[in-house]
Amino acid sequence: MKTVVMVPTYNEAPNIKLVIDETLNCGANADVLIVDDMSPDGTYKIVEEISKTNNKVHLLLRKEKKGRGYAGKDGFLKALDMKADYIVEMDGDGSHSPKYIPEFLKTIENCDVVIGSRYINGGKDEERSIVRQIVSNFSRRYLSFVLGVKIQDPTSGYRMFKRTALAKFAAELTASDPFIVTEVLYKIKENNLKVKEYPIIFLARFSGKSKLRMGTLITYLFKVLKLKLTGR
């Protein structure tokens with residue numbers, strides 16, 4: 001069984017080597033697929049160098065239609081093209097520890113999708129300020145209510161998919177930005193896929209600042225309602 005860990009990146013040069021190293025050494029024998037949008041800080045150059053001496057590290061360099069959503073979709077499709085049986089999606093800033101991947105692999109034996117959750121017993125969020133925690137808590141309750149999903153952490157971007165599950169909707173994704181995380185959740189619900197949550201500790205990023213802004217989060221709340229009403 002082949003596992004591919006897909007990591008969309010943009011300006012993660014200070015973090016990417018450590019993320020790759022931790023993923024390769026997490027005990028899952030996984031390949032790492034970095035999907036980079038020509039990061040000005042040279043993230044992709046670091047990945048290129050690593051891939052020259054390690055055949056388990058792969059780079060998908062995107063030069064057109066840049067954006068987190070497009071990168072995620074292309075990464076999913078590339079992982080499927082690599083004949084992955086299990087596909088992990090995680091952030092490239094160090095906030096998602098690869099140490100959970102072996103546990104995800106055990107959990108997914110009895111479901112279609114595993115979500116790394118901060119909000120179930122054993123989970124924790126180390127990064128957020130009080131304000132961000134309040135916004136996050138409201139957002140996850142709003143998402144669960146509007147989309148009708150019984151998931152404690154619907155905003156988590158740390159997920160594992162069975163190939164058969166991801167193949168049902170990967171080509172249909174349209175989001176250009178981080179809203180892809182919610183769009184995927186909608187597709188999971190639409191396809192009646194079985195989901196299990198596994199507790200994770202969401203870590204402070206290794207280096208740099210988050211690219212997500214409060215204004216963006218508020219905009220996403222309206223996008224969720226539109227998705228529910230129109231399906232896109």
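**Note on the predicted model**

1. Helix 2, residues 43–53, has Thr-43, Tyr-44, Val-47 and Ile-50 buried. These residues span an arc of only 120° around the axis, so they sit on the same side of helix 2. In an α-helix there are 3.6 residues a turn, so residues three or four places apart point the same way. The model is a predicted one.

2. The opposite face of helix 2, turned away from the buried side, carries Lys-52 and Thr-53, which are exposed. On the buried side, the residues of helix 2 pack against strand 1 (3–9), strand 2 (31–36) and strand 3 (57–61), and also against helix 1 (16–24).

3. Helix 7 (residues 180–190) is mostly covered, with nine of its eleven residues buried. The buried residues of helix 7 are Ile-180, Val-181, Thr-182, Glu-183, Val-184, Leu-185, Tyr-186, Lys-187 and Ile-188. Glu-183 and Lys-187 are included in that buried set, and a reader checking the side chains may want to look at both. Just after helix 7, Asn-192 has a positive phi of about 55°.

4. Two further backbone angles deserve a look. Most residues other than glycine have a negative phi. Met-38 is not a glycine, yet its phi is positive, near 55°. Met-38 belongs to the loop between strand 2 and helix 2, and is partly exposed, with a relative accessible area of 27%.

5. Lys-65 is also not a glycine and has a positive phi of about 50°. Its place is the loop between strand 3 and helix 3 (68–81). Lys-65 is exposed, with a relative accessible area of 58%.

6. For the chain as a whole, there are eight helices and nine strands. The radius of gyration is 16 Å, close to the 17 Å given by the globule rule for 232 residues, so the chain is as compact as a globular protein of that length. Along the principal axes, the C-alpha atoms fill a box of roughly 50 × 35 × 35 Å.

7. Of the 232 residues, 49% count as buried. Among contacts between residues at least 6 apart in sequence, 82% join residues at least 24 apart.

8. The accessible surface of the chain is about 11100 Å², and 52% of it belongs to carbon and sulfur atoms. The chain has 38 positive and 28 negative charges, and their mean positions are 4 Å apart.

Notes. Residues numbered from 1 in each chain as written. Predicted model: local features only at pLDDT ≥ 70, side-chain atom pairs only at ≥ 80, totals over all residues. Heavy atoms only, no water. Helix = DSSP H or I, 4+ residues; strand = E, 2+ residues; numbered from the N terminus. Rg over C-alpha atoms; globule rule 2.2 N^0.38 Å. Buried < 20%, exposed > 50% of the residue type's maximum accessible area, 1.4 Å probe, protein only. Contact = heavy atoms within 4.5 Å. Areas by Shrake-Rupley, 256 points an atom, 1.4 Å probe, with all protein chains shown as cover. Lys, Arg positive; Asp, Glu negative; His and termini not counted. Charge placed at Lys NZ, Arg CZ, Asp CG, Glu CD. Arc of directions from axis to C-beta.
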